[in-house]
Amino acid sequence: MKIAQLALSFLISGVSAATAADSPADAAAVSFTNEQRELSNCWGDTPPAAEWHPTYSAGWTDGYCRFTVDCNSPGYSTELACCKGTYGGQMSGECLRRLPNPPTTSPTGAGGLDVYYPDYDMTWSEGHCVNERPLPSGRPTYGSMLACCKGAYGGQMSGACLAKLPSPPTTSPTEVGGPGLWYPDYATSWADAKCLNTWPAPFNTGDRPVYDDQLACCKAAYGGQTSGACIASLPSPPTTSPTAVGGLDFWYPDYDTSWADASCKNERPLPFNVGDRPTYDTLLACCKGAYGGQISGACLAALPSPPTTSPTMAGGLDVWYPDYESSWAVAGCKNERPLPSGRPTYDTLLACCKGAYGGQTSGACIAALPSPPTTSPTTGGDLNVYYKHPDQDSNWAGGKCTNDRPVAQWRQTYGTKAECCSGQFGGQTSHACMCWADPCYSCKCTGAGSHKDTGNTCNLTCD
């Protein structure tokens, strides 16, 4: 054991680098005298065998391999394997130069890599594909040079990439007829733009509308283009910019004009993205939907046979809503057009009065009924909605929801007890509201139906 340690100590000490690096046989025959050195990072009673190891202390450019025992670097069975594994790509060739029969260049597989990648060290217009070693990290690869040229340099006007092919074509690669789809040219001003099918497309799938043919693209994307630039690029262009007879087959409100004077249009091109503005099948439907109640009658005046007044359905809307413009004490319900945004609606006037003005002592709302009762409307029993009554605002810890009539003004309502308790008393540690909604909600519940009630069906484990 002591002799083996001394032998290893000598190998790592470098007392005679030339002798130690000649061969394994020569190294085994050397007499070792330095008994003070010990190998680091070596474990066990049996030391590792001597192998070829990289010399990190020499740096990358001047690095080489030596035959020694080293527990701090990878070992190789041959000097060539060490050079390839540690110093592959070493431009100086220092490691390979020390071989008994060194090659003339740094080792590489015959023919380079079996894949091709774009050479990003060159400008795109002059770039081409290579299969040289080593493969740069993160670089896209292709199975052939042609595939690489098409994928990385498709549309390259110089043809520099294709020129590197064994039998290069005469022009930059493109699919026959482009990608088979046409798209609007957003890089050019709308007035002068046209449709393209250049490959590769300058956008991701779904980022731009595409069309099956050039004419369809011009009609949809550049309809109404007075310059006619798009249709002028057709193989047999018409004399004017394309448009469907009568414009679009639907109508939309004109938001560029004040509401009092505006009407509906079906002109091309659309001044909005699809879905950003309501559309209607007819001009009349658009006038009713967008300009109902328009005193000027500007929209209806654009009809082929306009009526004499602004359109409205008999009796106004077919729903009723509360009048928030009047004070609650004297307000009523309306079905006038247009319906204010965000206003609750009811199927009948009576339902609106009950829902929005229940408890109104003046009786102003129900007084508008065709046959009004003598008092403010209320029904026997409770509401079918739940809310937090104002008297519970100061008793949140033990508070509960209610469905008593009338609903307090400006109170949010819920369809079930549980929804109301969760919305108004969520986080209540006493569980007072949730126990009111569900007696089996928790072990804190008491009273009828709770886990403390005889014969209960609660599936709870309580102390």
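This section describes the pockets and the aromatic contacts of a predicted model.

By class, the lining of the largest pocket consists of 15 nonpolar, six polar and four charged residues.

The second largest pocket holds about 530 Å³ of space and is likewise lined by 25 residues, with Y211, A220, A221, L270 and F272 nearest its centre. Here helix 7 (residues 214-222) gives the most to the lining, with four residues. The lining of the second largest pocket divides into 17 nonpolar, four polar and four charged residues.

Ten aromatic pairs are present in the structure. One of them joins W52 and F67, whose ring centres are 5.4 Å apart and whose planes meet at 65°, so the pair is classed as edge-to-face. Because W52 belongs to strand 1 (residues 51-54) and F67 to strand 2 (residues 65-68), this pair ties together parts 15 residues apart in sequence. Both W52 and F67 are buried. A tilted pair is formed by W60 and Y87, at 5.7 Å centre to centre and with 40° between the planes. W60 lies in the loop between strand 1 and strand 2, and Y87 in helix 4 (residues 79-87), so the pair ties together parts that are 27 residues apart in sequence. W60 is partly exposed, at 45% relative accessibility, whereas Y87 is buried, at 4%.

Charged side chains also lie over aromatic rings. R98 is positioned over the face of Y64, 3.7 Å from the ring centre, and K417 over the face of W436, at 4.9 Å from the ring centre.

Conventions: Residues numbered from 1 in each chain as written. Predicted model: local features only at pLDDT ≥ 70, side-chain atom pairs only at ≥ 80, totals over all residues. Heavy atoms only, no water. Nonpolar A, V, L, I, M, F, W, Y, C, P; charged D, E, K, R; others polar. 1 Å grid on protein atoms, 1.4 Å probe; cavity = no way out; pocket = protein on both sides within 12 Å on 5 of 7 lines; lining within 4 Å. Points joined across faces, edges and corners; volume = space filled by probe spheres on them. Helix = DSSP H or I, 4+ residues; strand = E, 2+ residues; numbered from the N terminus. Phe/Tyr/Trp six-rings, centres within 6.5 Å; stacked < 30°, edge-to-face > 60°. Buried < 20%, exposed > 50% of the residue type's maximum accessible area, 1.4 Å probe, protein only. Lys NZ or Arg CZ within 6 Å of the ring centre and 35° of its normal.
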